[in-house]
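Please open the structure in a viewer and keep the selection panel at hand. The stops below follow one another in order.

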Amino acid sequence: MTNEKFLNIEGLCAKAGGKKVLNGVDIQIKPSEVHAVMGPNGSGKSTLAHVLMGRPGYEVTSGSITIDGLDVLPLKTWERAQAGMFIVMQQPIEVPGVKISDLLTEVAVASELDPQESLSLLREEAVNLGIDESLLSRELNVDLSGGEKKRNEALQLLVSEASYAILDEIDSGLDLDSLALVAERINRAAKDDQLGVLAITHFNRLLDILEPDQVHVLVDGCIVETGPAELALQLEKDGYQKFSK
Amino acid sequence: MNPFSNQIEDIFPDTVPLSEARNSALEQLSKTEFPKPEQEVWKYSKIFDLDLESLTPSFKNPADKKTEPSFLDTKESGLVEISDGWLTEQKTSTFSDSSGVYVGSLANMGVDSGHIEKHLSKPKDFFDCLNYSYNPETLLIHVPDGVTLESPIYIKVQSVTAGLVACPRIIVNLGEDSEAKIIEHHLSSSGESLSVPVLDAHVGQNSRLKHRVVQDLGEKTWQVSKQNFRLEKDSYVEIFAAAFGGDYARNEIRCELKGRGSEAYLSAAYFGNKEQTLDFRTFQKHEAPNTTSKLLFKGALDGDSRSIYSGLIKVLPEAVGTKAQQTNRNIKLSENAWAESVPNLEIETNDVVCNHASTVAGIDEEQLFYLESKGIETLVAERLIIAGFFNEVTSKVDDPLLVEEIDSIMTEILENRFKSQGE
């Protein structure tokens, strides 16, 4: 085992409800690298994100996931997060009665940080993302628009100590201006703070700003092609037809 | 049946006035049967396990007995203490000004109390009769027409002597265009005892009453509580009940919307632990046009605890334009916990908007995954979800002292849960 830092997904296969949902996924993300995963609907993109985070209901049948050499498969979801993974879900879940500040306080306590410092960091970062302070006292994702939810998630990512971000369609729900703001800020985190990014998306708008190092095409739970940023443009033009059996 | 066969004249000291009401209650008690399992109102209850014969009524003022620690103990004014059913302390001089507000023993009010008694409920069942028979002193809160109480009246209702049946009784009478807020804290010593409190509240035309009670009884205390609210035209009532303690604790809340345009808002938060049973029965009775009642009761059940929510919305033919809601939500936190939820509607007119809903479920898996994915371990995430679940009802408790008390009880329960499961 090398000591080199990266998120390593190797030969990953998984089942859900007795059905095969991932059939061999290989992706290596080094710090500061941005990887895009694209693919037709139902190809397993969100599944990949959930399996990486250890969501209940999925069973990894073979392959491995490691962070900087650490095997994450035996870890629970919260242990994976503490090990440095952060997921922005396609549809962030509503948690009635719980505020983002409650959540952040517990996260700070768990990482032995000062909750007050975390909260002031949150407020600073909110300004960068154009998030109104009032949003911080709202209940998590309750009665928020799609765009507000995604900006909230980006905010939490940016104040977290995560090393690797899994962004499941972070662009959906965001208007063009918000998208630019969020994507530019994440891009900066990749460049300045060594954040490794796995961005699942259907659109080049996001990738124009994120400037991926690699684009992976996922079809039927399998990575069928990996290429440079230009691959995304080609996919936009030609679609996924040539990959279907 | 009167489980305490002795006659009242023999045992209450001379200072306790014998009223006709008490004598007729005693007579009624001797003819009234103890609840039976086949009675719908006692369904799912464990009242039949109550060993009444091992207890005796409280015939002596326990003034010298030690008191149970309460969050109200620091209060210098606006506080009444009821111990084993007796009025043992009163710091309410702030209310006795020229406005005619009266806070004190009903017996001491004298001739003026006549017009209040006509609003009182009549004893209906065994426990009513018990209370009316063995209540030694009744607390009356009377707010005359046009008077607004600027600060709340706090009532510490405690059972301090083991082996007793305590029968506290509180009467609230709001005149027209008046306003009051009343906060009760129910607590008891660790010994076995039974508490049978009865509250009668009459809310006059265009008046507003906020009533809150937090029940944090000792582990071996049984309670059968009644709260009756009568609402006149355009009056407004907010009722909140928090229940945490007791072995078996039942609270029956009756809300009679008698006057056109009256509104009642009922909410509750309860948390069962160990072998506890928390039992709620509610009655939203719409007797007049354009009346509104909304009920939201939320509970969490852990360990081997049980809860019962059984509620009825009744709309009489003349109560056109009624709006009524009834919602009961429960979180089951352990395999053995058990929650029964029985909402009912009985509507005798067409022009109404009524709905009811009830749920019993475990902690939401998606919420749990979401919070855990932020790096929070399972039990902490559960704690956040449970606190958030209750927030919908507890956030409306607009009294800082009470909010703090509920927060601290809730935090203690959740932290104990964390400790016992983390081991």
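In which sense do strand S2 and strand S6 of chain B pair? Select residues 79-83, strand S2 of chain B, together with S6(B): the two pair in the parallel sense over five bridges. Strands here are DSSP runs of E of at least two residues, numbered from the N terminus, and two strands pair if DSSP finds at least two bridges between them. This is a predicted model, in which local features need pLDDT of at least 70, side-chain atom pairs count only at pLDDT 80 or more, and totals for chains, interfaces and linings use all residues. Residues are numbered from 1 along each chain as its sequence is written, and chains are lettered from A and ligands numbered from 1 in the order in which they are written.

Next, select Glu81(B), which stands opposite Lys156(B) in S6(B).

Then select strand S9 of chain B, residues 179-188, which pairs with S6(B) in the parallel sense over seven bridges. Here Tyr154(B) stands opposite Ile183(B).

Finally, colour chain B by domain: domain 1 covers 8-259 and domain 2 covers 364-423, with bounds from an automatic or database domain assignment. Their C-alpha centres lie 31 Å apart. Nine residues from domain 1 of chain B and seven from domain 2 of chain B form the contact (C-beta atoms, placed from the backbone, within 7 Å).

Methods: Two residues are in contact if their C-beta atoms, placed from the backbone, lie within 7 Å. Helices (H or I, at least four residues) and strands (E, at least two) are DSSP runs, numbered from the N terminus.
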